[in-house]
Amino acid sequence: METLSENRCFGGTQGVYSHRSNACGCGMTFGLYLPPQSASGPVPVLWYLSGLTCTHENAMVKAGAQAYAAQHGLALVFPDTSPRGDGVTDDEAYDLGQGAGFYVNATQEPWAPNFTMWDYLANELPLLLEAHFPVDMTRQAITGHSMGGHGALTLAMGLEGRFASVSAFAPIANPSASDWGRKQLGAYLGPDETVWTTHDATLQMRAVGFDGPVLIDQGSEDQFLDLLKPEALAEAMAARRQEGTFRMQAGYDHSYFFVSSFMGAHIAFHAEALGLS
């Protein structure tokens, strides 16, 4: 593993690291914020999964999360959104290929050799973090924005018992019924839509739910509402009597201005679930 940068930040350290990924078959880069409390021992982890076109850097520099993480004593992990590199398949469209991994294990060519973001996040990166940094991987929570909100919700429901809490900012909530989903799930996983169900938060909420609290924030002026389909997830949560909160935030759009406005509330939500407040 190579250290690309480390900067003092709210009494802790914001680092950026790269490593060779066996899961993805290429080099991967991630950001990790360690709060000041990590100097005294391992701290709980909050994963932040980013959206389409993003890298590890977008949330790291735009979300304003480090100040809240330092306050509560949480580590923040900012993974990339896909495999990258000259030998990794890409597409001319912004919503497929590099920058658009959709947090699945691709089974279809030409994507299958590298696009295994589920395995990377569920297995490989957690082990690497535990081996090299003062983090407590028995205490994890997860959040994300847009495509990353989709990933956070599906990973949380798919990895039973892994995460104490899950939240999302404007998630792609029902991808099997949306152009932000059908195209990508079809390309990565093939035409059999029954294979897609574990990667659709609405369908997973109906089928299994989540064994902890859920928090969803969605902007009422989000320019992508028709693609995100938040109403489907809200209805599924209500039908299942899921412990959680769905909030429609008046006047907010899809941008990081929206994300940063509610980041403090989300980190406080996770800190409570992790027993930190």
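Is the crossing of α3 and α4 right-handed or left-handed? The crossing of these two helices is right-handed; a crossing is right-handed if the near helix is turned clockwise from the far one by less than a right angle, and left-handed if anticlockwise. This is a predicted model, in which local features need pLDDT of at least 70 and side-chain atom pairs count only at pLDDT 80 or more, while totals for chains, interfaces and linings use all residues. Residues are numbered from 1 along each chain as its sequence is written, and side-chain values use heavy atoms, leaving out hydrogens and water.

Helix α3 covers residues 117-132 and helix α4 residues 147-158. (Helices are DSSP runs of H or I with at least four residues, strands are runs of E with at least two, and both are numbered from the N terminus.) Their axes, 12 Å apart, meet at an angle of about 55 degrees; axes are lines fitted to C-alpha atoms, for helices over the stretch in contact, and angles run from 0 to 180 degrees between N-to-C directions. The two helices are therefore oblique to each other, a word for angles that are not under 35 degrees (roughly parallel), over 145 (roughly antiparallel) or 65 to 115 (roughly perpendicular). W118, L121 and A122 of α3 meet T154, L155 and G158 of α4, where contact means heavy atoms within 4.5 Å.

## Two buried strand residues

Now look at T143 in strand β6 (residues 135-144). T143 counts as buried because its relative accessibility is 2%; buried means under 20% relative accessible area, exposed over 50% and partly exposed in between, with a 1.4 Å probe and protein chains only. Its side chain makes a polar contact with the side chain of S167 (2.7 Å). Such a contact is a pair of N or O atoms within 3.5 Å; within protein, one must be able to donate a hydrogen and the other to accept it, and residues adjacent in sequence count only if both atoms are side-chain atoms. T143 and H266 are 123 residues apart in sequence, yet their C-alpha atoms are 8.2 Å apart.

S165 sits in strand β7 (residues 163-169) and is buried, at 0% relative accessibility. The side chain of S165 makes a polar contact with that of H270 (2.6 Å).

Most residues other than glycine have a negative phi, and most peptide bonds are trans. F102, in the loop between β5 and α3, has a positive phi near 60 degrees. The peptide bond from E109 to P110 is cis, with omega near 5 degrees.
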